Amino acid sequence: MGLVSSLRCPKCGKEPESKTVFRCPSCESILEVNVKIGHLTRADLQAASQSRDHSIWRWFDFFPLESRKFIVSLGEGCTPLIHATRLGAELDIPRLYLKNDTVLPTGSLKDRSNSVGISKAKELGFAVATVMSTGNAAASVAAYAAAAGMRSVVMVPVGTAPSKIIQARAYGATVVVIDGDFDNEVAKLYKAAILEFGWYDCLSSNPYRDEGKKSYSYEMVDQLNGEIPDWVIHPTAGGTGIYAMWKGFQEFRSLGWIQNLPRLVASQSDAETVAESIQVGNPVSLGWRALSALRESNGTAVPLSDEEILDAQSLTARLAGVFAEPAAATSVAAAKKLRESDVIRADDLVICNLTGHGLKQPGAIQISEKEFAPIAPTLAALREKVNKDSG
Ligand SMILES: Cc1ncc(COP(=O)(O)O)c(C=O)c1O
Ligand SMILES: [Zn+2]
């Protein structure tokens, strides 16, 4: 049984009565959930790690839900932690691991958040869920709303990859493409719509939803048998992942289940970018919390060019067999850069989170028309084609 404390303002300490007000009435900060975990013991850790539930919900006690009966799950979490030896050799990081979230139900990390967020919406009795998104969150909210029997309305900026719009639509969402900039017009309309229609807000300003990404830390500790990685690199947009992972590791430490903490790295694009899923110019809501997590962990942030990102995407697919979208490949690009400057040492244990599937944005892969041209059905033509490709 999850023991949920009230929502609390991390800045001024206020604890509003309402469970559906997500911002502090005094200072406007996003409220924080503190789940009561003090009673948990090592036996609970063992039970969770041996659970037959292969989803984030094996960590139920850490999530802000009153009862298991509200859980909306599509089997998210427990994703592979791959020891990428060939890619590691290329980057001179022998202990390089990839946390492969491309295999999540809708193909991105958003499922960790929305499983918790939509479960909470069910508990609170909402009928309509909404989110504004550069794509991945839209598909994820749509899928979990579908599973919960809720309606979803998702708002995306003009220019969002058609594959992402199609995915949200396939789950039955009302998809609204807005002629405007994500951080300005879209954000303004989104806020107004929530006030006007009373929809359930699935943005990172929803404190319940944010708790879902704590599952990264729990899974890493579990999968590494208690060893703490030296570095965890996370593709960063709004900052939820960094902030929530830090919280997750700290919870385990407060219980005495781990002693050390990793250094966290936010990998980001440096401008208008091919990494469209993390193209958030102004992460106002959680930016400060992510920054303090980076500082407290003695971590850093790494800006990357499109060239570096696409190179990392290609290396990850060709040397590790994981096809990640450009935004996700920023973690590998950052690992490469930090190793080249010797910030990451050769014997460090490094985890790169691969947060979205490459098929989310197939247009990022450049294939010339020529490659699709058919060959004659002869061995001679086949030999020529194969020889050309290996050269
Ligand atoms: C593929 C991908 N990676 C990473 C993120 C990071 O988001 P956050 O910084 O909120 O954890 C997002 C979300 O926008 C995403 O779509
Ligand atoms: Zn406050």
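In what follows, Ala, Val, Leu, Ile, Met, Phe, Trp, Tyr, Cys and Pro count as nonpolar, Asp, Glu, Lys and Arg as charged, and the others, Gly among them, as polar. The structure is a predicted model, in which local features need pLDDT of at least 70 and side-chain atom pairs count only at pLDDT 80 or more, while totals for chains, interfaces and linings use all residues. Residues are numbered from 1 along each chain as its sequence is written, chains are lettered from A and ligands numbered from 1 in the order in which they are written, and side-chain values use heavy atoms, with hydrogens and water left out.

The shell around ligand 1 consists of four nonpolar, nine polar and three charged residues. A residue is near the ligand if one of its heavy atoms lies within 4 Å of it; of the 16 residues around ligand 1, Lys110, Ala237, Thr240, Gly241 and Thr355 come nearest. Two elements, β9 (231-235) and α9 (240-254), each supply at least two residues of this shell; helices (H or I, at least four residues) and strands (E, at least two) are DSSP runs, numbered from the N terminus.

An N or O atom in the side chain of asparagine 136 is 2.8 Å from a ligand oxygen, the corresponding distance for lysine 110 is 2.9 Å, and for a polar side-chain atom of histidine 234 it is 3.1 Å. The protein covers 96% of the 400 Å² of accessible area that ligand 1 has on its own, as given by the Shrake-Rupley method with a 1.4 Å probe; for residues, only the protein chains shown count as cover.

Aspartate 101 is located in the loop between β4 (96-100) and α3 (110-124). Aspartate 101 counts as buried because its relative accessibility is 0%; buried means under 20% relative accessible area, exposed over 50%, and partly exposed in between (1.4 Å probe, protein chains only). Its side chain makes a polar contact of 2.8 Å with that of arginine 112. Such a contact is a pair of N or O atoms within 3.5 Å; within protein, one must be able to donate a hydrogen and the other to accept it, and residues adjacent in sequence count only if both atoms are side-chain atoms.

Phenylalanine 70, in the loop between α1 (42-49) and β3 (81-83), also counts as buried, because its relative accessibility is 18%. By contrast, helix α14 (residues 379-390) is hardly covered, with one buried residue among its 12.
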